[in-house]
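User: I would like to learn how to read a few features of a protein model. Please walk me through them one at a time.

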Amino acid sequence: MTGTTGAIFKVPKGAFDDIEEAHGAGFVVAVAYPNPGKDVLNIRTGLQDARVEVYDVNGRLMHRQDITENVTAINTTDWSEGSYVWKVMADGKEVESGKWIKE
């Protein structure tokens, strides 16, 4: 399929046995938006029993929160402008990560 880069597809629960199989099929299990952003970092995922962690460029933990909704909103008002790394953790391991820029 052409022109689908960055598209979000709803995949039925149970379509993949585990996260590794989903990644192998080219799917991501979490996304961050808006990117770049200002006062809110949103993490969208359908994972249950997971948490999100955000680190600054020096590796300092800025935020940790359990994921309880499909979209987790993180208030970044007091954070400095710059780059941050977000990680979604499930079953004791990192399952998705990315870079987020605060303007």
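Analyst: We start with the ground rules, then take the sheet, the aromatic rings and some backbone details.

User: What should I know about the model before reading it?

Analyst: It is a predicted model: local features need pLDDT of at least 70, side-chain atom pairs count only at pLDDT 80 or more, and totals for chains, interfaces and linings use all residues. Residues are numbered from 1 along each chain as its sequence is written, and side-chain values use heavy atoms, with hydrogens and water left out.

User: How do I read a sheet, and which strand order does the open sheet of three strands have?

Analyst: Begin with the definitions. Helices (H or I, at least four residues) and strands (E, at least two) are DSSP runs, numbered from the N terminus. Two strands pair if DSSP finds at least two bridges between them. Here the order is β1-β2-β5, with antiparallel pairing. β1 (30-33) and β5 (71-75) are the edge strands; each has a single partner, so one side of each lacks a neighbour in the sheet. From one strand to the next, the twist averages 20°. That angle is taken between N-to-C directions, on a scale from 0 to 180 degrees, with axes as lines fitted to C-alpha atoms (for helices, over the stretch in contact).

User: How many bridges join β2 to β5?

Analyst: Five, and the two strands run antiparallel. Arg 44 has Val 71 of β5 as its bridge partner. On the other pairing, β1 and β2 (residues 40-45) share four bridges, also in the antiparallel sense. There, Ala 32 is bridged to Ile 43 of β2.

User: How do I read an aromatic pair?

Analyst: Two values describe a pair of aromatic rings: the distance of the centres and the angle of the planes. Rings of Phe, Tyr and Trp (its six-membered ring) pair if their centres lie within 6.5 Å; planes under 30 degrees apart are stacked, over 60 edge-to-face, and the rest tilted. The whole structure holds three aromatic pairs. In one, Trp 79 and Tyr 84 have ring centres 5.0 Å apart and planes at 35°, so the pair is tilted. Trp 79 also forms an edge-to-face pair with Trp 100, at 6.5 Å centre to centre and 80° between the planes. This pair links distant parts of the chain, 21 residues apart: Trp 79 is in the loop between β5 and β6 (82-90), Trp 100 in strand β7 (residues 93-102). Trp 79, Tyr 84 and Trp 100 form one aromatic cluster.

User: Is Tyr 84 buried or exposed?

Analyst: Tyr 84 is buried, at 5% relative accessible area. Trp 79 is buried too, at 11%, and so is Trp 100.

User: What does Thr 76 contact?

Analyst: Contact means heavy atoms within 4.5 Å. Beyond neighbours within four places in sequence, the contacts of Thr 76 include Asp 39, Leu 41 and Trp 100. Thr 76 lies in the loop between β5 and β6 and is buried, at 0% relative accessibility.

User: Which backbone details deserve a look?

Analyst: The Tyr 33 to Pro 34 peptide bond is cis, with omega near -15°. The Asn 35 to Pro 36 bond is cis, with omega near 5°. Asp 91, in the loop between β6 and β7, has phi near 55°, a positive value in a residue other than glycine.

Notes: Buried means under 20% relative accessible area, exposed over 50%, partly exposed in between (1.4 Å probe, protein chains only).
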